[in-house]
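These are my notebook entries on a structure that I had not examined before. I set down what I looked up, entry by entry.

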Amino acid sequence: MIKRIIGGVLLAMGSAASVWALDASTGNSKASNVLPPANQRFASDRTSEVPHLQRHVLPLMGRLGCNGRACHGSFQGQGGFRLSLFGYDFKMDHQALAEGDEPRVNVKKPRESLILTKPTGTEDDHGGGHRLDLDSWQYRLIARWIEAGAPAVNEEEDPHFVRLEISPLEVVYKQTGQTTQLHAICHWSDGTAEDVTPLCRFQTNDEAVAKVDAAGKITIVGPGDTHIVAFYDNGVVPVSVMLPVTDKTGPQYPSVSTPTQIDVLVVDKLRKLGIVPSGVCNDAEFLRRVSLDVTGSLPTAEEVEKFLADKSPEKRAHKVEELLERPAYAAWWATKFCDIWGDSENQLRNITPQQTLPADQWYRWVEKRIADNMHYDDLVERIVMAKGRESKDVSYKDYCTEMRSYFCSKPTGDFTERETMPWYWMRRNMKKDNEKALSF
């Protein structure tokens with residue numbers, strides 16, 4: 001468990017290789033082989049470049065809000081026109097734009113395409129309001145794609161997305177009002193790279209700490225820490241943004257013990273924020289806290305007396321390992337996870353003749369895997385990707401026999417031995433697509 005946590009923290013921190021302090025240079029050095037941003041390449045009508053639906057058109061529509069949840073990206077769409085949410089389905093979006101009874105593009109008369117005339121109009125012309133100016137690079141980019149015949153994405157032959165690189169990945173400010181411009185580079189499978197900053201969407205996780213405009217310019221507005229998140233295609237990259245809450249930073253920060261790698265990472269961030277951690281708790285407080293956290297129960301009086309009398313410097317680490325081996329650890333955390341995932345007898349009623357069993361089977365299935373120390377990603381995968389009939393080779397008769405072994409008056413089968421756990425998708429509040437998406 002401890003190794004798992006450390007590994008997760010290291011993985012989360014490992015990408016933060018580009019760290020800036022605001023008093024350092026904020027210039028962004030780009031490699032010479034990076035394609036300039038679209039707002040430069042489509043600044044005039046003289047370009048002969050054909051924009052790509054995946055790389056340029058759909059990200060731009062996401063930036064403009066066209067395929068967002070409040071507009072054409074909603075489950076119902078708007079005005080009879082529906083796009084995939086933020087452009088994840090290239091085929092569906094191309095069909096919606098260029099095919100069907102009411103295509104939004106007109107390859108014979110590109111400038112009369114609804115995708116151009118609607119967003120350049122007024123509120124009366126377009127429910128989403130004015131989104132495009134006729135002399136803008138955004139207008140020219142979409143128009144150029146239509147003039148080229150509105151080509152679709154060839155998912156087999158076109159280069160695919162590899163990664164989104166954002167710089168800087170961390171900014172530590174000195175005072176409110178300071179700003180930083182983010183830069184985004186997308187890397188593709190054919191080795192090409194492009195500055196996609198004007199095609200990215202940016203959002204802040206806490207406007208009380210930092211704001212970000214549509215162009216990716218951060219403004220720090222208050223002390224604390226938050227993240228600015230950049231979105232482009234399959235890339236979602238968080239940028240750590242901090243303004244110290246005290247003057248106890250850098251050389252002013254006191255010496256703090258960091259006996260583990262987790263402590264090193266935590267204190268490294270606290271030092272940037274000017275937050276001095278509380279002192280180490282005494283043995284009695286530690287035992288109470290760790291027992292409640294790991295097992296959900298208080299230590300016995302005998303356990304307390306024995307722990308306090310132990311003079312070993314390693315006793316706290318040993319106590320953690322001991323608690324993780326107790327059945328109460330798996331039982332407590334299975335309860336927590338099942339609460340999060342919606343394991344409820346009421347929500348699972350009517351899916352089997354014995355209404356109390358599915359909820360218990362779900363719980364026991366999770367409990368066993370926590371006790372076995374299964375990685376959390378594997379655990380979630382076996383729930384989200386679950387199937388009733390786990391193999392195509394299982395006949396209907398064999399499947400019925402298996403199910404009967406779980407639900408007959410004297411069960412002979414062990415549900416916890418199933419590779420996957422399908423009851424997550426059988427909840428009564430998972431009938432509609434939007435309910436499934438929200439729960440997932």
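In which sense do strand 8 and strand 11 pair, and over how many bridges? I found that strand 8 (residues 201–204) and strand 11 pair in the antiparallel sense over four bridges. I worked from a predicted model, in which local features need pLDDT of at least 70 and side-chain atom pairs count only at pLDDT 80 or more, while totals for chains, interfaces and linings use all residues. Residues are numbered from 1 along each chain as its sequence is written, and side-chain values use heavy atoms, with hydrogens and water left out.

**Entry: terms for strands and helices**

I took helices (H or I, at least four residues) and strands (E, at least two) as DSSP runs, numbered from the N terminus. I counted two strands as paired if DSSP finds at least two bridges between them.

**Entry: strand 11 and its partners**

I then turned to strand 12 (residues 235–243), which pairs with strand 11 in the antiparallel sense over nine bridges. Here Ile228 has Val239, in strand 12, as its bridge partner. Strand 11 and strand 12 form a hairpin with two residues between them. In that turn I noted Asp233, with a positive phi of about 50°.

Why is strand 11 largely enclosed by the rest of the structure? Strand 11 spans residues 224–232, and seven of its nine residues are buried, so the rest of the structure largely encloses it. I used buried for under 20% relative accessible area, exposed for over 50% and partly exposed for values in between (1.4 Å probe, protein chains only).

I next looked up an open sheet of four strands, which has the order 2-7-6-3 and mixed pairing. Strand 2 (34–35) and strand 3 (161–167) stand at its edges with a single partner strand each, so one side of each has no neighbour in the sheet. Strand 2 pairs with strand 7 (residues 193–195) in the parallel sense over two bridges. Within this pair, Leu35 stands opposite Glu194 of strand 7.

**Entry: helix 7**

How far does helix 7 reach from its first C-alpha to its last? Helix 7 (residues 261–273) has 13 residues and reaches 19 Å, close to the expected 18 Å. The expected span is 1.5 Å times one less than the number of residues. I listed Leu265, Val267, Leu270 and Leu273 as buried in helix 7. As a general point, an α-helix has 3.6 residues a turn, so residues three or four places apart point the same way. For Val267 I recorded a relative accessibility of 5%. Val267 and Ser255 are 12 residues apart in sequence, and their C-alpha atoms are 10.0 Å apart in space. After helix 7 comes Gly274, with a positive phi near 75°.

**Entry: salt bridges**

I counted a salt bridge where a side-chain nitrogen of Lys or Arg is within 4 Å of a carboxyl oxygen of Asp or Glu. The structure holds 20 salt bridges.

One of them joins the side chains of Glu147 and Arg111 at 3.0 Å, N to O. Glu147 lies in helix 6 (residues 137–147) and Arg111 in the loop between helix 4 (90–98) and helix 5 (114–117), so the pair ties together parts 36 residues apart in sequence. Glu147 is partly exposed at 37%, and Arg111 is partly exposed at 39%.

I also looked up the salt bridge between Glu303 and Arg326, at 2.9 Å, N to O. Glu303 lies in helix 9 (residues 301–309) and Arg326 in the loop between helix 10 (315–324) and helix 11 (327–341), so this pair ties together parts 23 residues apart in sequence. Is Glu303 buried or partly exposed? At 13% relative accessibility, Glu303 counts as buried, whereas Arg326 is partly exposed at 27%. Glu303 and Arg326 also belong to a network of salt bridges with Lys319 and Glu322.
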